[in-house]
Amino acid sequence: MLAMFRKKIIELGKTFVLVLFLLIPGFGKSQINAEQVLTIGRNVLSMDDYMLAIQYFNQAIKAKPYLADPYFFRALAKLNLDDYAGAEADCTIAIENNKFKTEAYKLRGFARQIQGKDSLAVEDYNIGLSYNPIDKNFLYYKAIALTELKRYAEADSTFNVLLRQYPRYDEGYTARARMELERNDTISALDDIEKALSLSKVQINPYLMKAEIYWKRQDWQNAGSALDAAIRLRPELSDLYVNRAFVRYNSDDFFGAMSDYNYALELEPDNYAAYFNRGLLRYEVKDLEKAEEDMSQVIKLNPNNVHSYFNRGLIRLEEEKYKEALADFKIIESKYPRFYPIYYAMAEAERNLGNNRQAAFLIHKGEEMVEGYVKDPEKNPLDRPAIAASKSNSVSSSGEVENESETEVMERFNHLVTISQTADQSLSYNERIKGRVQDRNVNVDIEPSYALTVVAPPKSLKSLSNYFKELDDLNQQRVINYNLYLTPGLETKGYGDMMDNLFDISGRLQSKNESSRRPADNLLLGVVLTMLKNYPAALKHLDEAIAINPQFTVAYMARGFARYANAISEMKMAHETKEEQEVLLDRMAYTSLLQDALSDFDKVLSLNPKVVFAWFNKGNIYYEAGDYTSAMQAYNEAIKIDPEFGEAYFNRGLAYLNAGNKNQAFSDLSKAGELGVIPSYNILKRMK
């Protein structure tokens, strides 16, 4: 509900002065002009580049941590990245630094409201209203929060104050209409909706509420007209077409319904509801082959959607694909063994396969369940594969059917479903996509271990300098013709034209007489072969380097990564090519290989306890082995050495998440995002 309310709290500055040298790691705090950095950050923020803006605000905070503005603007950037907890925390510091900064109360209340902390949000809005009793935004957000708390009398009173002061505020009427709908006062709600539409016809939510009211009244004509208007405003929203298709279906406009489902799938090829409903329509007109295809597509996208298995089974029965139908029904039976209709469906398949005895047994089993339920419902409950119970049917964004009544599920398991929420209902300051890195889907993988390469790492927002003393000393000595670098992971597509050079380096060094190769030559050869992912050969040369110089810290670092990468490679191949028993044996060998990698990083730390990357790589090995407690301890050590090691916060956050500590995971991922690890915000969003 909250998403209909979009207003920027502040007017961002317009002056843009680019001073990139201020972000160079290690640049002295005293040399940073905090006000100038803050101005740049505000302008970057106005261009929706939230990640870069945060880095500027970080610099201002380092220079003058007692200012309120850097924390406030960093909070605004975090809010736009859906890091609501991080935004709340920054606003709190801003308020501690300047308790008269009313915008910080507004932004903190806003962040709390999105997190469901409506009572705390109301407290912030009350503080703001104590400074300015007729501030439109404070009144507006407070009324919404009170509605969420179901404190309707207070909400109504606040709306009255708001609309007396701002009688042409269309969003205020829309919000009050939503409150009235929650109180089942549809007459007042319709009055406010019409008032909102008389002031502005460009809001989508009044039309959606209007459609909802007529939908419940089964006034399909008016519901359809409201959805038509909503589609004119937001023609890119596929769910609107799914809802209109349902209305058209109930108006006996099968052709119109099918057209809407087809277009919804053009807009969003993975829309579960559109496939499911289109499949049912095709089933109804006996286009069985295409109906089966639609149900199969739902199952492909969401293997847990038992409704689609049931319907596909029924379709296959009519297609005389009895074995396939039986397989679908058995999937449902395994999940819902007391869902009695499945036994009648299975009996039909068995009978057509000539298994009359089994068919009779299944019919008897279903009848026994029904009789037991009639005699004692509490003792003999029946499975009802529905998620919730109400009068309307809907489908969630995950594709699962929800809000079906028990009777409908038992009697019409193949009922049409609709999308319950069609508009973007998240509270946000900015609808534009640019800069919203949390909307990029990313795999939930840890940040990769650090490897030695001959390719300089790309510039990034992250503050880590990748400094490794022994490596720097080696590069300064110029004992080989190439500089070596520490980079996160080995992404070969980033090497570009360097790939041919890697093979040339490898060939030249390997052609050298073995006895004439120095430890540094073997190190370089091991590094290049690791980059080329020839791990056994790389390990051979790194072993030789260490045998000649047992105190060669850099070589241990390189070998530790090569051993780790080799272990992962071996295990992946085992899963792809071997039987389960062989994989189990390989798992033991895999654990041994990981232990060898750990011993190399331990050796690095015995030679230099401050090598932060060795601790980080150890954490990744423990994480890979499923030992999240040890992983967290290793990441702790890395963070102790470098408190701004964003990747360590990120990986520790994932370790906490796997260990079930969601609160600490939120904190670490928020900090990682603050330090420039972009995937953090996507994961934070998905966790919510």
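Me: Is Arg 151 buried, partly exposed or exposed?

Reply: This is a predicted model, so read every value as computed from it. Relative accessible area under 20% means buried, and over 50% means exposed. Arg 151 has 30%, so it is partly exposed.

Me: Which residue forms a salt bridge with Arg 151?

Reply: Glu 154 does. Their closest N and O atoms are 2.9 Å apart. Glu 154 counts as partly exposed, because its relative accessibility is 40%.

Me: Which salt bridge involves Arg 278, and what does the pair tie together?

Reply: Look for the partner, then for the element that holds each residue. Arg 278 pairs with Asp 294, with 2.8 Å between the closest N and O atoms. Arg 278 sits in helix α15 and Asp 294 in helix α16 (residues 288–301), so the bridge ties together parts 16 residues apart in sequence. Arg 278 is buried, at 12% relative accessibility. Asp 294 is buried too, at 2%.

Me: Where do Arg 112 and Glu 88 lie, and how far apart are they in the chain?

Reply: Their side chains form a salt bridge, 3.0 Å from N to O. Arg 112 belongs to helix α5 and Glu 88 to helix α4, 24 residues apart. Both residues are buried. The count of salt bridges comes to 42.

Me: Which residues touch the most other members of the largest nonpolar core?

Reply: In soluble globular proteins, nonpolar side chains tend to be buried together. Here the largest core has 133 residues, and Leu 484, Leu 523 and Met 557 touch the most other members. Helix α26 (residues 553–577) gives the largest share, 12 residues. A second, separate core has 70 residues, including Ala 177 and Tyr 343. Beyond four places in sequence, the contacts of Leu 484 include Leu 452, Leu 471 and Val 527.

Me: Which residues form a nonpolar patch on the surface?

Reply: Phe 100, Ile 127 and Tyr 131 do, with about 300 Å² of accessible area together. Phe 100 lies in the loop between α4 (84–97) and α5 (102–114). Phe 100 is exposed, because its relative accessible area is 55%.

Conventions: Residues are numbered from 1 along each chain as its sequence is written. This is a predicted model: local features need pLDDT of at least 70, side-chain atom pairs count only at pLDDT 80 or more; totals for chains, interfaces and linings use all residues. Side-chain values use heavy atoms; hydrogens and water are left out. Patches are made of residues with over 30% relative accessible area and no salt bridge: like charges are joined within 9 Å, nonpolar side chains (Val, Leu, Ile, Met, Phe, Trp, Tyr) within 5 Å. Accessible areas come from the Shrake-Rupley method with a 1.4 Å probe; for residues, only the protein chains shown count as cover. A salt bridge is a side-chain nitrogen of Lys or Arg within 4 Å of a carboxyl oxygen of Asp or Glu. Helices (H or I, at least four residues) and strands (E, at least two) are DSSP runs, numbered from the N terminus. Buried means under 20% relative accessible area, exposed over 50%, partly exposed in between (1.4 Å probe, protein chains only). A nonpolar core is a set of buried Ala, Val, Leu, Ile, Met, Phe, Trp, Tyr and Cys residues joined through side-chain atoms within 4.5 Å. Contact means heavy atoms within 4.5 Å.
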